[in-house]
Amino acid sequence: MQTILGATGVIGNELAKCLPQYTDKVRLVSRNLKTVLGNEELVSADLLDAAATSKAIEESEVAYLTAGLRYNIKTWQQQWPVIMRNVIEGCKKYHCRLVFFDNVYAYGKVNGWMKEDTPYNPSSKKGMVRRQIAEMLMNEVKAGSLQAMIVRAADFYGPNTEMSFFNVMVFANYAKSKSAQYLLRDDVKHSFTYTPDAGAATALLGNTITAFNQVWHLPTDMQVLTGKEMLELSAAAMGTAPKYMVMKKWLLRIVGLFMEPIRESIEMLYQNDSDYLFDSSKFEKEFGQKATPYPEGIKATASYYMQKK
């Protein structure tokens, strides 16, 4: 049995599609149940409930923590440590290996490439929470009480990836014949992880015993483009002119007065004011698999949005 905890998001969905390559028993755990494969086991559970979390992990060989929380710092501070502790204890109880799907917030602002050994130096309150739960997990690994790994991705883009800022501000707008929007600067390079790559690589890592007890960056095209280049490719793929507006911090602060997700993103804008470079060469060298190139991923994402029109 392989179990996805917090299975309703895009990564949970992409991961679920890939797991049948490795196991004939897949369990999806969430508060809002929805089938992906048609033959998986569906379990309703709140990961803030220790007993329910433990029960959801029972009989599992591998558990994947892909849960997402409301994008609110108070929610993160209160709930993420509880969820991580509940999942750790459940995995220890049933001798289950754990794969934690994380982001790069704990690194903070990095001058150069983000790598698996980049020191934690969070530049935001959300980054501090991510550092706390990552260290909580790896301390268990160091103590020898749990087999686990952390897998990380850059910002997302891809088909059926509705929470990606790039999808929402670029593809969704172009699909409506509107001008796109971009954050802060379009002249700096910014890495984006293609979500189907992230799901497939997470499944592969979770089924590779030697991959445990370390950190992995998921495959992400290292031929990084500027925002302007990404926007131009996206517009071309959707058959429209590359019209867009670069949203400056002062404007985002005003919009944030009325929209919580924008307000909560203000502290993360350090990721957009200079090059944001994500190195996944460790994965590529170990498994001989390269990330989907940006032109190919952009075409597939554009096709998804064109079909939704």
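## Helix α11: length

The model is predicted. Helix α11 covers residues 294-308, which makes 15 residues.

Seen by accessibility, the buried residues of α11 are Y294, G297, I298, T301, A302, Y304 and Y305. They lie on the same side of α11, because the arc they cover around the axis is only 155°. An α-helix has 3.6 residues a turn, so residues three or four places apart point the same way.

The other side of α11 carries the exposed residues E296, K299 and Q307. What do the buried residues of α11 pack against? Their partners are two strands, β8 (155-157) and β10 (192-194), and two helices, α5 (165-175) and α7 (227-237).

## The sheet

An open sheet is formed by 7 strands, with parallel pairing. Their order is β3-β2-β1-β4-β5-β7-β11. At the edges are β3 (41-44) and β11 (215-217), each of which pairs on one side only. From one strand to the next, the twist averages 20°.

## The β1-β2 pair

Within this sheet, strand β1 (residues 2-5) and strand β2 (residues 26-30) run parallel and are joined by 4 bridges. One of the residues involved is L5, whose bridge partner in β2 is V29. Strands of a sheet pair through backbone hydrogen bonds, either parallel or antiparallel.

Conventions. Residues are numbered from 1 along each chain as its sequence is written. This is a predicted model: local features need pLDDT of at least 70, side-chain atom pairs count only at pLDDT 80 or more; totals for chains, interfaces and linings use all residues. Side-chain values use heavy atoms; hydrogens and water are left out. The expected span of a helix is 1.5 Å times one less than its number of residues. Buried means under 20% relative accessible area, exposed over 50%, partly exposed in between (1.4 Å probe, protein chains only). The arc is that of the directions from the helix axis to the C-beta atoms. Contact means heavy atoms within 4.5 Å. Two strands pair if DSSP finds at least two bridges between them. Axes are lines fitted to C-alpha atoms, for helices over the stretch in contact, and angles run from 0 to 180 degrees between N-to-C directions.
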